[in-house]
Amino acid sequence: MTTKAKNIAYWTTTILIAFFIGSGGVAQIAQYFGNPHGVVPVLGYPMYFFAILGFWKVLGAIAILVPRFPRLKEWAYAGIFFDLTGAAASCAAVGGYGPYAFHVLAPLILAVLAVASWALRPQSRTIGILIPSEKRQAGLNTRASHIG
């Protein structure tokens, strides 16, 4: 994949994830203010739980969009992934079939998009490499032997 194509794919997936996560977070916060003592009927979670998640979703969406702060981005991507897979598991646990199948599949599709965004991010937005190549490792060992 060319650098330009990778950059376009990165920004496309990142903007989509930031939009869905951020707008979902805002909606959850708004629902809390509409009924702060309510409980989500199907899932059984209290509304304050969704308000807390909503707050962190908005911050996570911002974190993956702004430049710099690679460690914060790693945490934001992890949180987004945990949120989405947790949402899918919660919906599956209460009968994610029939009309509820969408509520299991949609977060899983978004989780794949989040992983794609994370994997495609430019070097400037990473902390380091996930799996070092043998060529790179050999170069590091050569430099280390010259130092000592």
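This is a short tour of the structure, stop by stop.

**Start with the whole chain.** The model is predicted. Show it as a cartoon. The protein has five helices and zero strands. Reading from the N terminus, the order of elements is α-α-α-α-α. The protein has 148 residues, and buried residues make up 27% of them. Take the contacts between residues at least 6 apart in sequence: 65% of these join residues at least 24 apart.

**Select α1 and α4.** Helix α1 covers residues 3–34, and helix α4 covers residues 101–120. Their axes come within 8 Å and cross at roughly 135 degrees. Angles over 145 degrees would count as roughly antiparallel, and 65 to 115 as roughly perpendicular, so α1 is oblique to α4. The crossing of α1 and α4 is left-handed. Now show the side chains at this contact. On α1, pick Lys6, Ala9, Tyr10, Thr13, Thr14, Leu16, Ile17 and Phe20. On α4, pick Leu110, Leu113, Ala114, Ala116, Ser117 and Leu120. Colour them by class: 10 are nonpolar, three are polar and one is charged.

**Stay on α1 and pick Gln28.** Gln28 lies in helix α1. Is Gln28 buried or exposed? Its relative accessibility is 11%, so Gln28 counts as buried. Look at what surrounds it. Leaving aside neighbours within four places in sequence, Gln28 is in contact with Phe50, Ala51, Leu53, Gly54 and Lys57.

**Move to α2.** Select residues 47–65, which form helix α2. At 1.5 Å a residue, its 19 residues should span 27 Å. The C-alpha atoms at its ends are 27 Å apart, so the two agree. Next, highlight the buried residues of α2: Met47, Phe50, Ala51, Gly54, Lys57, Gly60, Ala61, Ala63 and Ile64. What covers them? The cover includes α1 and α3.

**Go on to α3.** Select residues 70–93. Helix α3 has 24 residues. From first C-alpha to last, α3 reaches 34 Å, close to the 34 Å expected at 1.5 Å a residue. Its buried residues are Lys73, Ala76, Tyr77, Ile80, Asp83, Leu84, Ala88, Ser90 and Cys91. Among the elements covering them are α1, α2 and α4. Step past the end of the helix to Gly95, which follows α3. The phi of Gly95 is positive, near 105 degrees.

**Show α3 with α4.** Two packed helices are described by the angle between their axes and the distance between the axes. How do α3 and α4 cross? Their axes come within 8 Å and cross at roughly 165 degrees. That angle is over 145 degrees, so α3 is roughly antiparallel to α4. The crossing of α3 and α4 is left-handed. From α3 come Glu74, Tyr77, Ile80, Phe81, Leu84, Thr85, Ala87, Ala88, Cys91 and Ala92. Facing them in α4 are His103, Val104, Pro107, Leu108, Leu110, Ala111, Ala114, Val115, Ser117 and Trp118. By class, the residues of this contact are 16 nonpolar, three polar and one charged.

**Finish at Val112.** Val112 is found in helix α4. Its relative accessibility is 59%, so Val112 counts as exposed.

Note on methods:
Residues are numbered from 1 along each chain as its sequence is written. This is a predicted model: local features need pLDDT of at least 70, side-chain atom pairs count only at pLDDT 80 or more; totals for chains, interfaces and linings use all residues. Side-chain values use heavy atoms; hydrogens and water are left out. Axes are lines fitted to C-alpha atoms, for helices over the stretch in contact, and angles run from 0 to 180 degrees between N-to-C directions. Helices (H or I, at least four residues) and strands (E, at least two) are DSSP runs, numbered from the N terminus. Angles under 35 degrees count as roughly parallel, over 145 as roughly antiparallel, 65 to 115 as roughly perpendicular and the rest as oblique. A crossing is left-handed if the near helix is turned anticlockwise from the far one by less than a right angle, and right-handed if clockwise. Contact means heavy atoms within 4.5 Å. Ala, Val, Leu, Ile, Met, Phe, Trp, Tyr, Cys and Pro count as nonpolar, Asp, Glu, Lys and Arg as charged, and the others, Gly among them, as polar. Buried means under 20% relative accessible area, exposed over 50%, partly exposed in between (1.4 Å probe, protein chains only). The expected span of a helix is 1.5 Å times one less than its number of residues.
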